[in-house]
Amino acid sequence: IMKATAREYGLEVNSGVDERYHLEKSTEAACQYLLKAYEKYGNWTLAAASYNAGMNKISQETVNQNESLYYHMNFGIETGRYVYRILALKQIMNHPKEYGFHLRKEDLYRPYLTTEVQVNSTIEDLSVFAKKHGMNYKELKIYNPWMRQSYLPDESRRVYSIKVPVRS
């Protein structure tokens, strides 16, 4: 999602926090975007194409090409391939063995077991915060890729939910 679109859908994007990298929040924003695009275009292919190119560009192309079906339209290379790539990935994920993917349960990544710590002020040193919560800095960044610096600024006085591991 582009910065402006992310902000339009309520995501914080600045030098210290980029919620486009927050799995749950960015997924929710993407779903809201796609629903809005579907309402606008009436089909999922143009909605998906707009996720790649933007609604303004897709709207402009539907007018310029006098067309409302993605498969009948001419786009640049990236947008022209975008929906086909999504469909190919969906097909592979639905039928992995047909495409040579023989994954056993032990081959799959195990989900991280985390809980959340609420923070409502600046954290000057995330490595100190990590140690305080029983992990190292690398783990903290893996669980929270939306934190873009080695500190967490809280200029907007928001409450952040930071994922920390559940230790057994």
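Which residues does Lys-3 touch, not counting those up to four places away in sequence? Keep that in mind for the first view. This is a predicted model, where local features need pLDDT of at least 70 and side-chain atom pairs count only at pLDDT 80 or more, while totals for chains, interfaces and linings use all residues. Residues are numbered from 1 along each chain as its sequence is written, and side-chain values use heavy atoms, with hydrogens and water left out.

**View 1. Lys-3 and the residues it touches.** Lys-3 sits in helix H1, residues 3-8 (helices are DSSP runs of H or I with at least four residues, strands are runs of E with at least two, and both are numbered from the N terminus). Setting aside residues up to four places away in sequence, Lys-3 touches Val-13 and Arg-20 (contact means heavy atoms within 4.5 Å). Lys-3 has a relative accessibility of 47%, so it counts as partly exposed (buried is under 20% relative accessible area, exposed is over 50%, and partly exposed is in between, using a 1.4 Å probe and protein chains only). Now look for Leu-69: it is 66 residues from Lys-3 along the chain, and their C-alpha atoms are separated by 28 Å.

**View 2. Helix H2 crosses helix H3.** Here H2 (residues 23-41) and H3 (residues 44-53) have axes that come within 8 Å and cross at roughly 130° (axes are lines fitted to C-alpha atoms, for helices over the stretch in contact, and angles run from 0 to 180 degrees between N-to-C directions). H2 and H3 are therefore oblique to each other (under 35 degrees is roughly parallel, over 145 roughly antiparallel, 65 to 115 roughly perpendicular, and the rest oblique). On the H2 side, the contact includes Ala-30, Tyr-33 and Leu-34, and on the H3 side it includes Trp-44, Leu-46 and Ser-50. Sort the residues of this contact and you get twelve nonpolar, one polar and no charged (Ala, Val, Leu, Ile, Met, Phe, Trp, Tyr, Cys and Pro count as nonpolar, Asp, Glu, Lys and Arg as charged, and the others, Gly among them, as polar).

**View 3. The buried residues of H3.** Thr-45, Leu-46, Ala-47, Ala-48, Ala-49 and Ser-50 are the buried ones in H3. They pack against H2, helix H4 (55-64) and helix H5 (77-94). After H3 comes Gly-54, with a positive phi near 100°.

**View 4. H2 packs with H4.** The angle between H2 and H4 is about 15°, and their axes are 12 Å apart. That makes H2 roughly parallel to H4. Tyr-33, Lys-36, Ala-37, Lys-40 and Tyr-41 of H2 meet Met-55, Ile-58 and Ser-59 of H4. This contact splits into five nonpolar, one polar and two charged residues.

**View 5. Asn-74 in the loop between H4 and H5.** Asn-74 counts as exposed, at 60% relative accessibility. Leaving out residues up to four places away in sequence, Asn-74 touches Glu-61 and Gln-65. Glu-61 is 13 residues from Asn-74 in sequence and 8.5 Å from it in space, C-alpha to C-alpha.

**View 6. Asn-144 in the loop between helix H7 (137-143) and strand S2 (160-165).** Asn-144 is buried, with a relative accessible area of 0%. Its side chain reaches the backbone nitrogen of Lys-163 at 2.8 Å. Apart from neighbours within four places in sequence, Asn-144 is in contact with Ser-161, Ile-162 and Lys-163.

How values were computed
Polar contact = N/O pair within 3.5 Å; in protein donor to acceptor, adjacent residues only side chain to side chain.
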